[in-house]
Amino acid sequence: MKPKTYKESIKLPDGRVITIETGKLAKQAHGSVVVQMGNAMLLCTVVSNYESSNLDFLPLTVDYREKFAAAGRYPGGFFKREARPSDGEILTMRIVDRVLRPLFPKDYHAETQVMIQLMSHDENVMPDSLAGLAASAAIQLSDLPFECPISEVRVARIKDDFIINPSRSQLLESDIDMVVGASKDSVMMVEGEMKEVSEEEMASAIKFAHEAIKVQIEAQEKLAKAYGKKEIRDYETSDINEELEKKIYDLTYEKCYKIAKKGTSKKERGSAFAELKEELKSNFTEEELEEFGEMINEYYRKAEKNAIRELTLSEGIRLDGRKTSEIRPIWCEVDYLPSTHGSSIFSRGETQALATVTLGTSREANKIDMPSFEGEEKFYLHYNFPPFCTGEARPLRGTSRREIGHGNLAQRGLKGVIPESCPYTVRLVSEVLESNGSSSMATVCAGTMALMDAGVQISSPVSGIAMGLISDGKRYAVLSDILGDEDHLGDMDFKVTGTYKGITACQMDIKIKGLSYEILVKALKQAKDGRLHILDKLTETIEKPNSEVKPHSPKMITRRIPNEFIGPFIGPGGKVIQELQKETGCTIVINEDSETEEGIVEILGTDQDGIERVLTKIDSLLFKPEKGNSYKVKVIKILDFGAVVEYVDAPGNEVLLHISEIAWERTEDVNKVFKIGDLLDVKYFGIDPRTRKEKVSRKALLKKPERN
């Protein structure tokens, strides 16, 4: 018997429709929905164990995968099976996780898994913009403890008009591309890129997205009501001991306040708080520590957090002694690594990034092969966060999701200033060497300088800053250039990158409910002051891009040739181009431009002479003598019936000078007239209709002897 299904529809401002359906698929999951927009369909399931784990946090896994069958394609690779998630899939997992995680109860520790799968693809729908809606809708149909429904949308702006969930082609025309996650009354997450927009314009985009999200949340609530909202499951909650909490507060709060007020370094501060914690434990017996150990740790952390927050709210003083809008000391250096194509160091307080730039041909472009998108990036950024940067020793497990996310944010902040005319593929790598406060924003700053040091003609330098917010509902403080500790104890963590003109990228995680747009704009404007201060420091170190690449860096020259010449240039089996690369030391890449029916030849080399030889070869290939004109040629081979000559201005272009065209008088032996290497002038007559070959003549340029 066909199962009973429940469906709700959501109408977008431009008339397009999203549907949420449940009851047909994956019924053994604790909650499951199919979200559809156009032909794009996502299946989302949620399952959570009924037994609590032994961990002191929520072991939540958000997994997003795009099935190649959804786009009628085969996976690449030998096994023809989907394997590890792509960077694009990981980035979608992160934007969903960041909104969901804070809405589970802090004492809910059951293993929980949210799985989102693209089952059908529509080229006019970007599926990642539907993932948050699908996840929340599935949770609403389950018995999981979850504070309230949420949703996420992508917002773009084209010619001053905002669009919800644009297509990829529409994004190409847009100057704003943001994903916004929110509940009915609060914006919780923002991530995106812009083309140097103002703080007010960014806030307007967030407002527009939030209104669309409210409609999607209402649809979820209607679906859950029609389906029959399940009673929330019972789970093992944390014990509350108010007497113990007060005792710990009385013993530690004032001392935490004094330690925080000293304005010491991360190491000194950490040692002082650790000593205080040990002192606290001395007030309890071994039996009490055994029984209440976790509770003591939790209440101490709460007292420490409250003391640090109160210090900032009441006195405007921060952990390291700075004022709320003060930026830590900055020093910068460029051209630090002698063998790289570009390098820089950016240090701000206890955060340091070393950036390198490598220049290459289109062959080095980053290939993207996802069911929902195929393409390549000619500028890409890799971010590495080794354990030593925080003074830790831990196993290396490959590139983490955090590294992918932070690298993507920095890349989005910088890519808008890379000109389309840049002939190179540019790889920027950031090695975080120290970290205490946003290393992703240090990556943007170091990356800007490394690009300029490499001679990449960026349109404008970009800086980045991490901001925080502390509020008790009545008072609030916006913190510029936050420390790692301030990130954890604050109510908002937001990172903003931009030029002197405006914002290029942002990432926000807002933990406070009902944050007003007035406070948001104020925070963004304070971030602008910080960004401009940092930009001034960057441009003091390197004011503008170097006019040329470094002597040891490859020079890139591009030339266009008609498609019919590509084959001769490559040669049979690639013989001609391979020999040319070997002789000149250059890398030569040829791409076809289908629109102009031309080949784009990229010549990359460090030796200018080698590059010139490749260009000469191309000029020679394209050389077309004009009928009636005279040309200088060189004898390269002597035959019984003439001489093979080469155009001096087009080496490699050969033509036969027939024995009958050498002189007016009969030539008996060509060797008696020419030797190899002789230079002479010939006249070009075009294609001889009798032989169907090109005809040149020396005698046509000689005076015809008079007959006796």
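Which residue's side chain does Asp 619 meet in a salt bridge? Its partner is Arg 559, with N and O 2.8 Å apart. Keep in mind that this is a predicted model.

**Salt bridges**
- A search through the whole structure turns up 46 salt bridges.
- Asp 619 sits in helix 14 and Arg 559 in strand 22, so to speak distant parts of the chain, 60 residues apart.
- Asp 619 is partly exposed at 37% relative accessible area, and Arg 559 is partly exposed at 26%.
- Glu 193 and Lys 415 also pair up, at 3.3 Å from N to O.
- Because Glu 193 lies in strand 10 and Lys 415 in helix 8, this pair ties together parts 222 residues apart in sequence.
- Glu 193 is buried, at 17%, whereas Lys 415 is partly exposed, at 37%.
- Shared partners join Glu 193 and Lys 415 into one network with Asp 128, Arg 154, Asp 177 and Arg 412.

- Eight strands make an open sheet with antiparallel pairing, in the order 8-7-9-10-21-20-18-19.
- Strands 8 and 19 are the edges, each pairing on one side only.
- Strands 18 and 20 pair over 7 bridges, and Gly 464 stands opposite Thr 497 of strand 20.

**Helices on the sheet**
- Helix 1 lies across strands 7, 9, 10 and 21, at about 135 degrees to strand 10.
- Helix 11 packs on the sheet too, touching strands 10, 18, 19, 20 and 21.

Notes:
Residues are numbered from 1 along each chain as its sequence is written. This is a predicted model: local features need pLDDT of at least 70, side-chain atom pairs count only at pLDDT 80 or more; totals for chains, interfaces and linings use all residues. Side-chain values use heavy atoms; hydrogens and water are left out. Two strands pair if DSSP finds at least two bridges between them. Helices (H or I, at least four residues) and strands (E, at least two) are DSSP runs, numbered from the N terminus. Contact means heavy atoms within 4.5 Å. Axes are lines fitted to C-alpha atoms, for helices over the stretch in contact, and angles run from 0 to 180 degrees between N-to-C directions. A salt bridge is a side-chain nitrogen of Lys or Arg within 4 Å of a carboxyl oxygen of Asp or Glu. Buried means under 20% relative accessible area, exposed over 50%, partly exposed in between (1.4 Å probe, protein chains only).
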